[in-house]
Amino acid sequence: MKTKLLIISFFFLFKCISQHGSLSGFIYDSSDKTSLVGVNLLLKNSSKDNSFGTATNIDGKFLFENLNQGKYQLSVSYIGYKTKTIEILIEESSITEQNIYLQNAATEIDLVVISAGKFEQKIEE
């Protein structure tokens, strides 16, 4: 009798633990397909007020673990690239794979001159 109760308790515990999902993937540059290191990711649950954050590792990989099932919004941002927001569906007991490609957001600024000297000088174009 004790053995049966122990087995039933074990399966119940396993079922409770296995109801969480995971999200993983890689972040790449859309032009040359290289992986991006240190990209910031923010995962917001659509139905709750909680959010999770992480950054990509040296290989451009990210991982969110122990997520409840449901819809999430993933915001991906990196300096010099356009921020991308996508909707993700997490299912229980599964690993969702999502590879993301970021577009370069080049901005051009006016002429900047840096000079050093004892006296102030005017620069003409």
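Aromatic pairs, then. A search of the whole structure finds four of them. Rings of Phe, Tyr and Trp, the last taken by its six-membered ring, pair if their centres lie within 6.5 Å; planes under 30 degrees apart count as stacked, over 60 as edge-to-face, the rest as tilted. One of the pairs is Phe26 with Tyr28, and that one is stacked: 6.1 Å centre to centre, 25° between the planes. Ring pairs link Phe26, Tyr28 and Tyr101 into a cluster.

A word on provenance. This is a predicted model: local features need pLDDT of at least 70, side-chain atom pairs count only at pLDDT 80 or more, and totals for chains, interfaces and linings use all residues. Residues are numbered from 1 along each chain as its sequence is written, and side-chain values use heavy atoms, with hydrogens and water left out.

Next, burial. Buried means under 20% relative accessible area, exposed over 50%, partly exposed in between, with a 1.4 Å probe and protein chains only. Of the 125 residues in the protein, 22% are buried. Strand β1, residues 21–29, is mostly covered: eight of its nine residues are buried. Phe26 has a relative accessible area of 25%, so Phe26 counts as partly exposed.

What does β1 pair with? Strands pair if DSSP finds at least two bridges between them. Five bridges join β1 to β4, residues 61–67, and the two run antiparallel. In β4, Leu23 has Phe64 as its bridge partner. With β7, β1 pairs in the parallel sense over three bridges. There, the bridge partner of Leu23 is Thr96. With β8, β1 again pairs in the parallel sense, over three bridges. Tyr28 stands opposite Tyr101 in β8. Those two residues also belong to the ring cluster.

On to the open sheet. Four strands, in the order β3-β2-β5-β6, with antiparallel pairing. The edge strands are β3, residues 51–55, and β6; each pairs on one side only. The twist averages 25° from one strand to the next. Axes here are lines fitted to C-alpha atoms, for helices over the stretch in contact, and angles run from 0 to 180 degrees between N-to-C directions. Inside the sheet, five bridges join β2, residues 40–45, to β3, antiparallel. Leu43 stands opposite Phe52 in β3.

Leaving β6, look at Glu92. Glu92 is in the loop between β6, 84–90, and β7, 95–97. Buried or exposed? In between: at 33% relative accessibility, Glu92 counts as partly exposed. Gly70 is 22 residues away along the chain, yet the two C-alpha atoms are separated by 8.6 Å.

Last stop, the surface. Ile109, Val112 and Ile114 form a nonpolar patch, with about 380 Å² of accessible area together. Patches take residues with over 30% relative accessible area and no salt bridge; like charges are joined within 9 Å, nonpolar side chains (Val, Leu, Ile, Met, Phe, Trp, Tyr) within 5 Å. A salt bridge is a side-chain nitrogen of Lys or Arg within 4 Å of a carboxyl oxygen of Asp or Glu. Areas come from the Shrake-Rupley method with a 1.4 Å probe; for residues, only the protein chains shown count as cover. Val112 lies in the segment after β8, 100–102. At 54% relative accessibility, Val112 counts as exposed.
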